[in-house]
Each structure stands twice: as structure tokens, then as C-alpha cells.
There are 2 protein chains.
Amino acid sequence: MKIAVAKEIEVGERRVALVPDVVARLVKQGVEVWVEAGAGDRAFFSDAAYEAAGAKIVSDPGYLWWEADVLLKVGVPQEREDGRSEVEMLREGAVLISFLNPLGEPAIAKRLAERRISAFSMEMIPRTTRAQSMDALSSQASIAGYKAVLIGAAALPKYFPMLTTAAGTIAPAKVFIIGAGVAGLQAIATARRLGAVVEAFDIRPAVKEEVQSLGAKFVEVQLEEETVAAGGYAKEVSEIAKQRTQQAIAEHVKLSDVVITTAQVPGRKAPILVTEEMVAQMKPGSVVVDLAAEQGGNCACTEPGKDVQRNGVTIIGTIDLPSSVPIHASQLYAKNLLSLVQLMINKEDKSLQLNFEDDIIEAACITHAGEIRNSRVKEALATLVGIGNG
Amino acid sequence: MKIAVAKEIEVGERRVALVPDVVARLVKQGVEVWVEAGAGDRAFFSDAAYEAAGAKIVSDPGYLWWEADVLLKVGVPQEREDGRSEVEMLREGAVLISFLNPLGEPAIAKRLAERRISAFSMEMIPRTTRAQSMDALSSQASIAGYKAVLIGAAALPKYFPMLTTAAGTIAPAKVFIIGAGVAGLQAIATARRLGAVVEAFDIRPAVKEEVQSLGAKFVEVQLEEETVAAGGYAKEVSEIAKQRTQQAIAEHVKLSDVVITTAQVPGRKAPILVTEEMVAQMKPGSVVVDLAAEQGGNCACTEPGKDVQRNGVTIIGTIDLPSSVPIHASQLYAKNLLSLVQLMINKEDKSLQLNFEDDIIEAACITHAGEIRNSRVKEALATLVGIGNG
């Protein structure tokens, strides 16, 4: 069994699918690991470190992709500058494990099925206790939440902590975090570490205790309807609920020095939670850090990858945040992959074995043996085809 | 008595000498305060806010400078784009209070004396208990130390805190802070807040307890000579002491993820403490934040205002750090000025009164009645004239 690690080609992607430590663990288990030359460069893992861990360094990507039994990647397969398509570079029947964004760009599932690839989407890892160690969405979202606070603190024209100095007392910064998922919770923890006064909002009342346990105040809104979707994610809600939510958000945005928005709906455009009117009400010098910028943004003023100024307020449209912490982002992602790959290795003869009785294998697999397996991906694709035909 | 606040014209300077709160306090005391139009813009204090505090907004800088009894500034007076020199814009006999860098650029003292300006240098505030509330070097250095950590954390490809996650444990970042003055101590406190493991070095053994009380490890070197100069600053030491110090620094730099250097000698080029060889020994992905970049840098690789890459190590030559936190930097500086200005106001008739019996007035005044008063400035000027004549 041969596992190959491809070099990421997307601009701004600094992560690598496996780190040398994890390579060493696979090699020790009797798995052959190939790593594309320079794959770890932007995450500060050298070819020499991979070689020392027992990997074979392969310079020709065409050879590496074609020979792989299991190809590990971080980002969605791309069209290459040399004209080749990464999906076409895989051998029929090979396994591909990566973020594949199958709900956002379902067309890729069609192509993977046509090529008879067994494709596993890291976005589809179920949110169960047994799958926690494979939950790459969480490991990477946590990094985004951490980094968002550092970016907000660096952009704020004020201190975060309360300080008592000889020249008077500095009041702590007020940070408001919208969305208390993994990214939001890590943002709360980091802002609290830095000494800010933190408030958080989430439409799911169940997260209240977790928010409070991190030392933040939970902003409550009575909605009288179900707000939690399958898998624990936030659900879309009614118009009345949206209005009440907006009102609560507006009140807190106005009083905050830093607002961090983290509301993303998998495969969809992000909801607008901070309107232009709310930004206009903020104090000059305040900062909005929008973690949903790549999905269109939670703030109406957001431009992905840019810092926008509105009446003295800076709106930061963050992109590629996990990539900006590439050592630990890669380390955690590699551990997530390792846990998943373990489920695919036959313990007896170390051969590749896909056991669809296993709920994790079943849930994460989006294409196998020429078929699209995941019903949500099928639906997304049907909608897409519908649009294309309409 | 008329106090005027000039708009800073130096590129990169975002601070303003007085903030509206402090203006209000002066106005309440019966002092007339003039503020140049737009003076607070880059620190997010609007003309309207100054007006509401009781200030008169003046659009013509020539009028404002000439009419001022006391002119308050942040940065050293400049040559203006309109061809005028700020020093020449002051009326004879007026008081100027600002950072004046009289030891670094002593020529300015000569010009101020020729113009018969009573100039007070915020760098010359004595380090006494009574003068603490006026210590602008400290209030601004503290901001630099805080911001240096945010910049280092944002540039590091790792998390700062230790984290226990479903995908394994993240070890905390190792931060090494060289120089435990005000900037260094605030850097220690901030890095500890963010969860890093912090070590600090200073040639003054007396700071050990303070370093330890902030939760950092103090790196000790036996030097067997006096290392503390007047005013509590670090003193220049012998060659043997330098070698021992370098060796200790080298060992700790090598093992650190982030190195923050804060060693500055007033009016002189900063000492090189982190050599090219030490940088070559650091792990790829590590970061050096050099707070002495404007004085030539504590790291041999530093370029002021730039991020330099060496073997995967990023060396950040920070400039204008207090200006990058302009609201609080201005607020603290304004409080420092307010305390000093209080010593110059006659309590009876609210007139300007310079009492040279007061040790703070005496120490901070560098020129008065056509004379250079400060002996260190005289020496610095004599050296400069010597160079010019040699």
C-alpha cells in the first residue's frame, strides 16, 4: 500500500497533508509513503525531514499521482499550470482524501465518479465521538478563530487588556463574537487570554454554557423555534427570528471595539449578519474580522482578502487563515488524516480495505466504483444541473 | 495661557499630543486650548470631539504655532513640505514640549536655543517616583512591547498556547525576550497571556524578580561588573561580559520560536545582540521581532520597516509601534503631558510659570532663554560639532 502526499498548488495554500512525524508512524506500520518534492516547504517541513522519517521524495508529480493507492491532499484538486487536471492524474480505483468542498462545488464529485476514484471528503467526517480525531473542519476552524483574534488585536488602535499604569487606567477592549462554533469558541478563548471583555452570540441556546465557561457573556435572544440542524450546526431560521437576531446583534456591534463573525453554512453563501447600517454605528477605530469572507462574508462591507475602511471602521475579509499558521495547521490535519487512514488499513496484511459498514467510511466517501454515494452531494449536483439546464 | 496642539506631519506618525478628555480637564482649569484641524484624525479623535471638549480648532498651522504659549507635539519638529521649519514657526520665548531626541540629534537643541524657545524633552523626564505619571518613554515603550508580541504571534506558523485537541496536543511556543525594561516586561506579560513559555534576559540582575513575577524564566549570566547606569537603564559593559552575554543569548535564541529584542541605548546605535550566526541556528519558521530597528537593530539581519527572510527565519524590523495603537498611545501620552504641564501653571492666576527649582522642570528642560541647559545634550552637541569640524 502506497500513500502519496501531493504538493499543494493553490495560491495562498501553505499547508501540507502529512508532516514528518505522521509519516514516520505510517512507515513504522509498514506503509510506503511518497512525498512530492517541496510539498512541505511552505509549512517549514523540508524534504530531508520527510526522508529522515522514511518517505520517498518524488520530483515528478505525474508519477506520484498515478502510482498512489491513496493520495492525500489539503485543498480541492485543481487544474494545473501545465494543462493537466489533478483529478485526471489519479489512477482509476485510487483513493483520494482531501477537503473537496462537495456541497459548494458538487461538479467535482461527478468527475471523480467518472474517473472511478474512491474520494473521501474531510468536510463529510461525521460529528461523532469516534470521529473527533478525524474532524479536520474543527482542527482548522480552531486555528482560524485563534488567528482572527490576533489579527483583530493587531488592527485595533487600542490595547486589549485592562492596564493600570502611572499615566492612568486603560479600559479593556470589548470583543463581540458572532457564532460560537469551533472557530468562535477558540476566538473567545484567545480574546479572553489577551484580557478583553468578551460577549458572544449564537442562535443555538445550547452553546450558552460553553461560552460562559470560557469567561464570555452569552447574548440571549428568545426565538421560539428550532435552531440546530443535524450534526450540531446552526440551522436557517424564520424571518421573525432573523429580525430579532439582527436587533440583538446591532446593539452589541455598536458597543464593541472588535467584532468577529464566524457564521458559515456548508456549501452555501454566508448569511449577512452585520449590515452597513451596523458598521456606520460603530466607533471610529473599531475592527470587524470576517471569518466567512471566502463564502461572501457575514458583514455587508466585506471584500475577501482585503481590509476595507468605512467611517473609520476597518473590515478585514480574512482568507486562508489556517494556512497562515502552517506548521500547526498541517500537524493537526495530518493527525486527522492519519486517524481516517487507519480505518482503511487491513490490520493483517496491511493492504487497503474500504469497509462501508463503518459509519465514518460510509459518511466521508462521496464517490466510489463510479457512483456518487453521498445523498447531500447528489442533491447539490442535481440543483447545479438544474441551473445549468434552466 | 494658551496651549496649542499641532498636527503631526511625520510619515507614519498617527499619535496626537492631547486627546479630548485631557483637553476638557485643561479647559476646566481655565486654560485656553487650540487644536490644529485634523490633528487627531489618524488617532480617531475628530475635530468635533475636541470642540465638544472646549478646544478651538485652528486651520492655519502658522497662526497656531505663532500664537501658542505652550506648543505640544509628539515627534521631533520637522521641516515642512511648504518650506517652513516648525522650529521657526514658534514665537520667541514660547514653550515647546515634545519628544525631541536631543541626544540622538543634538543639533535641534542649538536651533531651539537660538530661537530662545523653552524646550522640554519628554525623553529627559527623570525616572523618579514623582515623575512617573509624566514618563512618556515608559508609556510608549509598554505599547511597543505589547504590539511586538502580537506581531510575533501573527507571523509565527504555530499556535502560542498549549492546546489539547482531539487531534493531539500542541506544545506552547517558546518566546525569548532580550532586555527586561518597560517594553520587555510588557512583552513578557503579553506572551504569557497568550500562553507561551517565556524566558527573558537582561544584563541587570535586579530585574530578575520582576521577570519571574510575570511568569517568565530569568536567564542568568555571571558578569562580575556593574551593569546599571544612572536612571536604571542598562550600561555598556566590558568585552568579556559581552562574550558571556552573547553565549547565553545564542543558546536561548537557538531554541526559541520567537525572539523579541528590546535593547536600546538613548541617543546611540543599538547594540547587536542577535548575530547572523545565531539566526542561522534558529528553526525554520521562527521569528525575530526587533524593537530597536529604528536605532539600527539588535539583530544583525534587521532592516527597519521590513520583514527579512533568512533560512526560513523571519526578522521583523518594527518601526512606529506606539503609532500603530494610536488611541491608547495618544491617551497615555496626553496624560503624561498633562502631568508635566500642571507643574508649569501658576495656581493663583493660571499663568505660565517655569520653576527651575523643581527637579522635573530642571531635568526635562533642554533649552531656555537662549541657552542649552542640559549637560548631556551639551556633550552630545560638542561631539557632533567636533565631527563636523574634523
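Modeller: Helix α6 (residues 136-155) of chain A packs against helix α6 (residues 136-155) of chain B at an angle of about 145°, with the two axes 10 Å apart. Here an axis is a line fitted to C-alpha atoms, for helices over the stretch in contact, and angles run from 0 to 180 degrees between N-to-C directions. Helices are DSSP runs of H or I with at least four residues, strands are runs of E with at least two, and both are numbered from the N terminus. This is a predicted model, where local features need pLDDT of at least 70 and side-chain atom pairs count only at pLDDT 80 or more, while totals for chains, interfaces and linings use all residues. Residues are numbered from 1 along each chain as its sequence is written, chains are lettered from A and ligands numbered from 1 in the order in which they are written, and side-chain values use heavy atoms, leaving out hydrogens and water.

The crossing of α6(A) and α6(B) is left-handed (the near helix is turned anticlockwise from the far one by less than a right angle; clockwise would be right-handed). On the chain A side, the contact (heavy atoms within 4.5 Å) is made by A:Y146, A:K147, A:L150, A:A153 and A:A154. From α6(B) come B:Y146, B:K147, B:L150, B:A153 and B:A154. By class, this contact has 8 nonpolar, no polar and 2 charged residues. Ala, Val, Leu, Ile, Met, Phe, Trp, Tyr, Cys and Pro count as nonpolar, Asp, Glu, Lys and Arg as charged, and the others, Gly among them, as polar.

Now look at the whole interface: 43 residues of chain A are in contact with 43 residues of chain B. The two chains bury about 3,500 Å² between them, 66% of it on carbon and sulfur atoms (buried area is the accessible area, with a 1.4 Å probe, that two parts lose on being put together, summed over both). The rule finds 0 salt bridges between chain A and chain B (a side-chain nitrogen of Lys or Arg within 4 Å of a carboxyl oxygen of Asp or Glu). On the side of chain A that touches chain B, α6, β7 (163-165), β8 (168-170), α7 and α11 (326-342) each supply at least two residues. The largest share, 8 residues, comes from α6(A).

Within chain A, α6(A) also packs against helix α7 (residues 182-193), at about 40° with axes 7 Å apart, and that crossing is right-handed.
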